[in-house]
Amino acid sequence: MSGFLLLAAAMQTSPLNWDALPPLPWRAPPIVTPDMQAFVQREVKLRRCATPKPGTLEVAVAVLVDENGSIRTTVPRAIACPSVEQYAAALAAGFARNNLLPRPGATEQWYRTTLSFTWTR
């Protein structure tokens, strides 16, 4: 079983306290582009994913950062839209690569971030 699947399985068996995770220490906040927004809009429509407000969707992502500041894995919080969950997790990993503040003396640690997607109907 891959490392990601093992981590994801472990997180499902031991609930993650999302509110207790510190925010991901961005050097520069991520920018969700119009193309990214459009992809999520299409997925929501095609997969019939429920949204709390029409044209808006937020996805929380837990990010495991190692002692060197590298991203070990990302795990999206379930929102009943798997394709968007996985897309957000991949985006978070990409946005975080070489974009985190230094953490002198840090050890491996979980953080959280939330990606917000909005579009017009």
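Strand 1 (residues 56–65) and strand 3 run antiparallel and are joined by 10 bridges, where strands are DSSP runs of E with at least two residues, helices are runs of H or I with at least four residues, and both are numbered from the N terminus. Within this arrangement, V59 stands opposite L115 in strand 3. The model is a predicted one, in which local features need pLDDT of at least 70 and side-chain atom pairs count only at pLDDT 80 or more, while totals for chains, interfaces and linings use all residues. Residues are numbered from 1 along each chain as its sequence is written, and side-chain values use heavy atoms, with hydrogens and water left out.

An open sheet is formed by 3 strands in the order 2-1-3, with antiparallel pairing; two strands are taken to pair if DSSP finds at least two bridges between them. Strand 2 (71–76) and strand 3 (109–118) are the edge strands, each pairing on one side only.

The structure holds 1 disulfide, defined as a pair of cysteine sulfur atoms within 2.5 Å, and this disulfide joins C49 to C81 with an S to S distance of 1.9 Å. The pair links distant parts of the chain, 32 residues apart, with C49 in the loop between helix 2 and strand 1 and C81 in the loop between strand 2 and helix 3 (82–96). The torsion about the S-S bond of C49 and C81 is about 70°, and the disulfide is therefore right-handed. C49 counts as buried because its relative accessibility is 9%, and C81 is likewise buried, with a relative accessible area of 1%; buried means under 20% relative accessible area, exposed over 50%, and partly exposed in between, for a 1.4 Å probe and protein chains only.
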